[in-house]
Amino acid sequence: MAELLKIYDENPSQKHINKVVEVLKNGGLIIYPTDTVYGLGCDITNTSALEKIAQIKGVKLEKANFSFICEDLSNLSDYVKQIDSATFKILKRNLPGPYTFILPGNNNLPNVFKKKKTVGIRVPDNNICKSIVATLGNPIVSTSIYDEDEVIEYTTDPELIKEKWDHLVDLVIDGGYGDNIPSTVIDLTNSEPEVIREGKGSIEIM
């Protein structure tokens with residue numbers, strides 16, 4: 001059964017963050033708040049945890065379109081090929097924020113993603129996320145927890161999320177009610193930004 005752990009976004013308890021990071025380092029799966037919908041995630045360096053998430057989502061890991069949750073833009077060069085200044089300005093202007101930016105991946109991507117040419121980068125405006133990634137020392141992989149109920153689409157109540165995901169994940173963070181609108185996904189790999197999915201972030205990003 002998953003543990004439900006209350007963490008406050010305004011001032012996340014480092015003791016609680018350490019507990020989350022311990023779960024991640026041990027290959028555990030977590031559900032956590034972002035600045036949009038609640039996300040399902042694990043340590044990007046742990047292949048067996050990545051496999052578990054792919055299995056839950058019903059996709060092959062090599063083909064999965066997971067995004068990387070980063071603390072800020074300083075680690076961008078770890079996974080992303082060199083980008084031009086215009087692209088960097090778009091990122092700097094809009095992050096942290098409710099966006100997933102698709103960028104060209106480099107050779108440092110974890111082995112399971114080596115064949116992928118692109119990577120989705122997220123820097124949520126949420127202190128819980130940022131504290132987890134900062135303490136872990138590398139990004140966490142992320143995918144939103146979609147609800148089968150088309151009317152609800154995204155469950156926003158952490159207690160209901162725990163009820164549903166109890167036997168699939170190790171820990172659910174209660175960071176308060178989540179949003180029910182996902183991030184806006186924008187592809188920056190071509191000469192012009194292309195909106196793949198319109199979500200919470202404005203598409204007027206230039």
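**Basis of the entries.** I worked on a predicted model, in which local features need pLDDT of at least 70 and side-chain atom pairs count only at pLDDT 80 or more, while totals for chains, interfaces and linings use all residues. Residues are numbered from 1 along each chain as its sequence is written, and side-chain values use heavy atoms, with hydrogens and water left out.

**Entry: charged pairs.** I noted that side chains of opposite charge can pair when their charged atoms come close. I found Glu3 and Lys19 joined by a salt bridge at 2.8 Å, N to O. Glu3 belongs to strand β1 (residues 3-6) and Lys19 to helix α1 (residues 14-25), so this pair ties together parts that are 16 residues apart in sequence. Helices (H or I, at least four residues) and strands (E, at least two) are DSSP runs, numbered from the N terminus.

I then looked up accessibility: buried means under 20% relative accessible area, exposed over 50%, and partly exposed in between (1.4 Å probe, protein chains only). Glu3 is partly exposed at 32%, and Lys19 is partly exposed at 35%.

I also recorded a salt bridge between Lys6 and Asp174 at 3.5 Å, N to O. Lys6 is in strand β1 and Asp174 in strand β8 (residues 171-174), so the pair ties together parts that are 168 residues apart in sequence. Lys6 is partly exposed at 35%, whereas Asp174 is buried at 13%.

Asp166 and Lys162 form a salt bridge at 2.9 Å, N to O. I noted that both Asp166 and Lys162 are buried.

**Entry: helix α1.** Which residues of α1 are buried? I listed Ile17, Val20, Val21, Val23 and Leu24. Seen down the axis of α1, they fall within an arc of 155° (taken from the directions from the helix axis to the C-beta atoms), so they line one face of the helix. An α-helix has 3.6 residues a turn, so residues three or four places apart point the same way. The face of α1 turned away from the buried side carries the exposed residues Lys15, Glu22 and Lys25.

Just after α1, Gly27 takes a positive phi of about 85°.

Terms used: A salt bridge is a side-chain nitrogen of Lys or Arg within 4 Å of a carboxyl oxygen of Asp or Glu.
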